[in-house]
Amino acid sequence: MTTPTPNRPQPVELTLLPLGGPSEPAGGCGDACGCGAGEGDSYEHDPLECGLDPDLAELLADAGLDPVQVEDIAHMAIEEDLDNGVDVTTVATIPEDAVATGDFTAREDGVVAGLHIAEAVLSVVCTDEMEVERHVEDGDRVTAGQVLLSVTTRTRDLLTGERSALNILCRLSGIATATRRWADALEGTKAEVRDTRKTTPGFRALEKYAVRAGGGVNHRMSLSDAALVKDNHVVAAGGVAQAFKAVRTEFPDVPIEIEVDTLHQLREGLDAGADLILLDNFTPSETAEAVALTAGRAILESSGRLTLDNARAYAETGVDYLAVGALTHSSPILDIGLDLREERV
């Protein structure tokens, strides 16, 4: 598929499965799901086998997202909004056979993320084909008034899915916008801004995707794919070296990061052989001293006391990462709206 541009949007027709009645299971493992799993089954699903349009599923997978998980979230959002009923306002005011085009439009400048996810949300409520025009891509800088995505389908379906799609799109675009500010502040240094596990339950994959779209990088996705020895682990284990040794013995192949509060603990971590060391609440001058002491023996990450105003000072010490939990737990939304064009019947 040719990459769309703001000047030459590409219409894409998607054949989508409708959302079922109130008793239909939510998400990728409902009757509309192609994964083939029954209730209680244990399986490794093929992420492309879901109820979404195959082209859309492939776009999500290419972005590092699981289409089945996205479909689950889309169903959850729509079903929460309908609450086993119907959109009473839309049903009462819109003829059943009316068709319209809606433009997702930026209300302010920022970086967009989550456009394909918004498509997925709309797709689970659509009862007929919908045509999509993609004007920009996730990660693009956008300006107020710019049309990001246009969708043509039954008007009732478009309005029923509007808020759920916008909730996710605005949230993810807000994270991408905030991340881009940090990435811009670090430009020209080797440091990169990195997220944490301070994410919304159920939305971690989407929010970490938004960080990537904004120019940041991801820390561990879960407790199981890397170890992070924090202060409470150190206390419980009896010291930095003891905690590191315990993890290395139990999980010899897992990357281990150690959080340290002092240069003495940093030396302990280096002597133990830590892969990555998190410098917690160090000042920029202390961070520079830690970088010199480490001399390339471990990857260093700064955490705590970080703001956009001092980000550059930390980055110029030579650390590898700046850990910013606020990317996912405190970023304001990017204001995006859906503007409905005139109906066509």
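This is a predicted model: local features need pLDDT of at least 70, side-chain atom pairs count only at pLDDT 80 or more; totals for chains, interfaces and linings use all residues.
## Basis of the model

Local features require pLDDT of at least 70 and side-chain atom pairs count only at pLDDT 80 or more, whereas totals for chains, interfaces and linings use all residues. Residues are numbered from 1 along each chain as its sequence is written, and side-chain values use heavy atoms, with hydrogens and water left out.

## Largest pocket

The largest pocket has a volume of about 740 Å³. A pocket is an open set of points on a 1 Å grid over the protein atoms alone, where a 1.4 Å probe fits, with protein on both sides within 12 Å along at least five of seven lines. The volume is the space filled by probe spheres set on the points, which are joined across faces, edges and corners.

The lining comprises 35 residues, and Arg197, Arg220, Leu228, Lys230 and Glu259 lie nearest the centre of the pocket; a lining residue has an atom within 4 Å of a point. Among the elements that give two or more residues to this lining are strand S8 (227–229), helix H7 (231–237) and helix H8 (240–250). Helices (H or I, at least four residues) and strands (E, at least two) are DSSP runs, numbered from the N terminus.

## Salt bridges

The whole structure contains 13 salt bridges, each defined by a side-chain nitrogen of Lys or Arg within 4 Å of a carboxyl oxygen of Asp or Glu. In one of them, glutamate 301 pairs with arginine 194, with the closest N and O atoms 3.0 Å apart. This pair connects strand S11 and strand S7 (residues 192–194) across 107 residues. Glutamate 301 is buried, at 1% relative accessible area, and arginine 194 is also buried, at 8% (buried: under 20%; exposed: over 50%; partly exposed: in between; 1.4 Å probe, protein chains only).

Arginine 107 and aspartate 339 form a salt bridge at 2.9 Å, N to O. These residues are 232 apart in the chain, with aspartate 339 in strand S13 (residues 336–340). Arginine 107 is partly exposed at 40%, as is aspartate 339 at 30%.
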